[in-house]
Structures are given as C-alpha cells and as structure tokens.
Amino acid sequence: MSKRRPVVAIVDDDPRLLESLEDLLESAGYAAHSFSSAGSLLISGLSGVDLLITDIGMPGMDGFELRDWVKKVRPLLPVFLITGRHEIADQDRARGISGFFRKPFDAEALLAAVDNALTNRNMEDDHES
C-alpha cells in the first residue's frame with residue numbers, strides 16, 4: 001500500500017514560475033497543484049492541501065489577502081509567500097507565515113523548508129491525536 005504524497009498548492013500569475021515550481025515539487029515527491037490566481041484556488045478549495053505557496057503580487061486577491069483567508073479556514077496550514085520584489089513591502093504583514101522567499105529563490109532551500117514545515121505539521125497532528 002503506497003503512502004499518500006503530500007499536496008502542495010502553488011498560486012502565481014506567472015505561468016513559467018508555476019510550471020517550474022510544479023516540476024521541482026513533483027521531482028521531490030510532492031503532488032503539486034497549480035493555480036493562476038487566488039480566486040481559482042478558492043473555487044477549487046483547500047481540501048487535501050498540505051501546504052500553500054503563493055506569490056504576493058497578483059491581480060485581484062494578493063498573497064497577503066489569500067494567506068489571511070487561509071488562516072481563517074485552515075489555521076494550521078503552512079503558507080509560504082514568494083515575491084519578485086527585493087524588499088518586503090510590509091514586515092508586519094509578513095508575520096504569521098511559514099516561509100518567505102524572494103525570486104529567484106534557491107530550489108534546495110525551498111524544498112528543505114517545505115519538508116521541514118510538513119514534518120513539523122505532522123508532529124503537531126500526532127500530538128493532537
């Protein structure tokens with residue numbers, strides 16, 4: 001019997017980044033689900049999602065707003081923010097996230113952070129059982 005692969009949802013309006021992140025995560029053994037906007041993720045829902053990676057600067061709902069919504073409905077879901085900006089526009093708004101990465105980001109560092117967040121989440125789940 002095979003173990004379920006952790007599901008990572010990726011939200012970014014850049015199709016090249018979506019494809020690259022999806023390939024990276026799939027090659028590391030994760031099931032990656034890509035969304036071109038926060039709205040498309042909301043329509044799909046968060047059921048089965050183990051971790052969320054979202055761009056900050058997107059048309060419509062931005063990454064901070066998406067993170068805020070996710071924290072209301074799935075407070076324990078790890079959320080990573082990514083941005084092409086060279087500075088964090090608002091340090092206070094970046095609080096309450098599991099990870100923050102600037103584009104271009106180091107693939108190995110991102111994978112290590114994803115693994116760490118999922119491992120910590122699984123340990124918290126085990127303690128609640």
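A nonpolar core, as used in these legends, is a set of buried Ala, Val, Leu, Ile, Met, Phe, Trp, Tyr and Cys residues joined through side-chain atoms within 4.5 Å. Buried means under 20% relative accessible area, exposed over 50%, and partly exposed in between, with a 1.4 Å probe and protein chains only. The model is predicted, so to speak of a local feature requires pLDDT of at least 70 and side-chain atom pairs count only at pLDDT 80 or more, while totals for chains, interfaces and linings use all residues. Residues are numbered from 1 along each chain as its sequence is written, and side-chain values use heavy atoms, leaving out hydrogens and water.

**View 1. The chain as a whole has four helices and five strands.** Helices (H or I, at least four residues) and strands (E, at least two) are DSSP runs, numbered from the N terminus. Read from that end, the elements follow the order β-α-β-α-β-α-β-β-α. Of the 129 residues in the chain, 40% are buried. Contact means heavy atoms within 4.5 Å; among contacts in the chain with a separation of 6 or more, 65% are between residues 24 or more positions apart. The accessible surface comes to about 7,100 Å², and carbon and sulfur atoms hold 51% of that surface. These areas come from the Shrake-Rupley method with a 1.4 Å probe, and for residues only the protein chains shown count as cover.

**View 2. Five strands form an open sheet with parallel pairing.** Their order is β2-β1-β3-β4-β5, where two strands pair if DSSP finds at least two bridges between them. β2 (31-35) and β5 are the edge strands, each pairing on one side only. From one strand to the next, the twist averages 20 degrees. Helix α1 lies across β1, β2, β3 and β4, and runs at about 170 degrees to β2. For such angles, axes are lines fitted to C-alpha atoms, for helices over the stretch in contact, and values run from 0 to 180 degrees between N-to-C directions.

**View 3. Here we zoom in on β1, with both of its faces covered.** Five of the five residues of β1 are buried, so this strand is largely enclosed by the rest of the structure. Val7, Ala9 and Val11 sit on one side, Val8 and Ile10 on the other. Five bridges pair β1 with β2 in the parallel sense, and Ala9 has His33 as its bridge partner in β2. With β3, β1 also runs parallel, joined by four bridges; Val11 finds its bridge partner there in Thr54.

**View 4. The largest nonpolar core holds 20 residues.** What touches the most other members of this core? Leu21, Ile53, Leu110 and Val114 do. Elements giving two or more residues to the core are β1 (7-11), α1 (15-27), β3 (51-55), β4 (79-83) and α4 (107-128). Pick out Ile53 and follow its neighbours: leaving aside residues up to four places away in sequence, Ile53 touches Val8, Ala9, Ile10, Val11, Leu21, Leu25, Phe80, Ile82, Leu110 and Val114. Apart from this core lies another, of 18 residues, including Val11, Leu46, Met58 and Leu66. As general background, nonpolar side chains in soluble globular proteins tend to be buried together.

**View 5. Arg5 and Glu26 meet in a salt bridge through their side chains.** A salt bridge is a side-chain nitrogen of Lys or Arg within 4 Å of a carboxyl oxygen of Asp or Glu, and the whole structure has six of them. For Arg5 and Glu26 the N to O distance is 3.2 Å. Arg5 lies in the segment before β1 and Glu26 in helix α1, so the pair ties together parts 21 residues apart in sequence. Arg5 counts as partly exposed, at 39% relative accessibility, and so does Glu26, at 31%.

**View 6. Salt bridges with shared partners join Asp12, Asp55 and Lys103 into one network.** The side chains of Asp12 and Lys103 meet at 3.2 Å, N to O. Asp12 lies in the loop between β1 and α1 and Lys103 in the loop between β5 (99-102) and α4, so this pair ties together parts 91 residues apart in sequence. The salt bridge of Lys103 and Asp55 has an N to O distance of 3.5 Å, and links the loop between β5 and α4 to strand β3 across 48 residues. Buried or partly exposed: how do the three residues count? Asp12 is buried, at 0% relative accessibility; Asp55 is buried too, with a relative accessible area of 4%; and Lys103 is partly exposed, at 21%.
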